[in-house]
Amino acid sequence: MKWLIPKSSSFYCKPLTFSITPPPQTVPKKESIGFVFPGQGAMFPGMGKFFKDSPSFQYFFRLSDLLLQPKGFPSVSNYAFSPERLTLEQQESVESIALFTYEIALTHKLLQDGVSAQAFTGHSFGEYAALTAAGAMSFEEGLQAVATRESLLPERNSLGYMIAI
């Protein structure tokens, strides 16, 4: 590394070459990563198309279908990968389930790719995925909670208003 060191107060500079050896690190630097899961409003039909061939996504979306279609829910996989196969009513009935499944599938993919988190949090609806990712409940338990929540929501009104009580 070359540095220009002024000789006295004049503008004359001459190159000075030296090397700097950093002190040895006694504690290796460890990255802290947290996963933040979004709430409702982050989902959209076809949101899984980019990951359609991912084993993690295939596994969790197929599992969601296997567990929920016998209970009368439309295909969650279709919402994520082929939304044109669902009517608008069917899309609306599984969109939050698809978001939960997507969040867990993405978390699993990141873990498989060597990315691990030290903290999990979720905004509003994203708390279900955060609890599942943190191990507070299994995927099946989280999916059941999300499906129950979805089945208890009133039908959407034609004006599109959201009411929170």
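The largest nonpolar core of this predicted model comprises 32 residues, of which Phe 61, Ile 97 and Phe 100 touch the most other members. At least two residues of this core are supplied by each of strand 3 (34–37), helix 1 (55–68), helix 2 (76–81), helix 3 (88–112), helix 4 (127–133) and helix 5 (139–152). The greatest contribution, eight residues, is that of helix 3.

The surroundings of Phe 100 were examined with its neighbours within four places in sequence left aside. Phe 100 is then in contact with Phe 125, Tyr 128, Ala 129, Thr 132, Phe 139, Gly 142, Leu 143 and Val 146.

One of these partners, Ala 129, is found in helix 4. Its relative accessible area is 0%, and because buried residues are those under 20%, Ala 129 is classed as buried. When residues up to four places away in sequence are not counted, Ala 129 touches Phe 37, Phe 100, Glu 103 and Ile 104. Ala 129 and Gly 142 are separated by 13 residues in sequence, while their C-alpha atoms lie 7.3 Å apart in space.

Helix 5 contains 14 residues and reaches 20 Å from its first C-alpha to its last, close to the 20 Å expected at 1.5 Å a residue. Its buried residues are Phe 139, Gly 142, Leu 143, Val 146, Ala 147 and Glu 150. Viewed down the axis of helix 5, these buried residues fall within an arc of 130 degrees, and therefore line one face of the helix. In general, an α-helix has 3.6 residues a turn, so residues three or four places apart point the same way. The cover over the buried residues of helix 5 includes helix 1, helix 3 and helix 4.

Notes:
Residues numbered from 1 in each chain as written. Predicted model: local features only at pLDDT ≥ 70, side-chain atom pairs only at ≥ 80, totals over all residues. Heavy atoms only, no water. Core = buried A, V, L, I, M, F, W, Y, C linked by side-chain atoms within 4.5 Å. Buried < 20%, exposed > 50% of the residue type's maximum accessible area, 1.4 Å probe, protein only. Helix = DSSP H or I, 4+ residues; strand = E, 2+ residues; numbered from the N terminus. Contact = heavy atoms within 4.5 Å. Expected span 1.5 Å × (residues − 1). Arc of directions from axis to C-beta.
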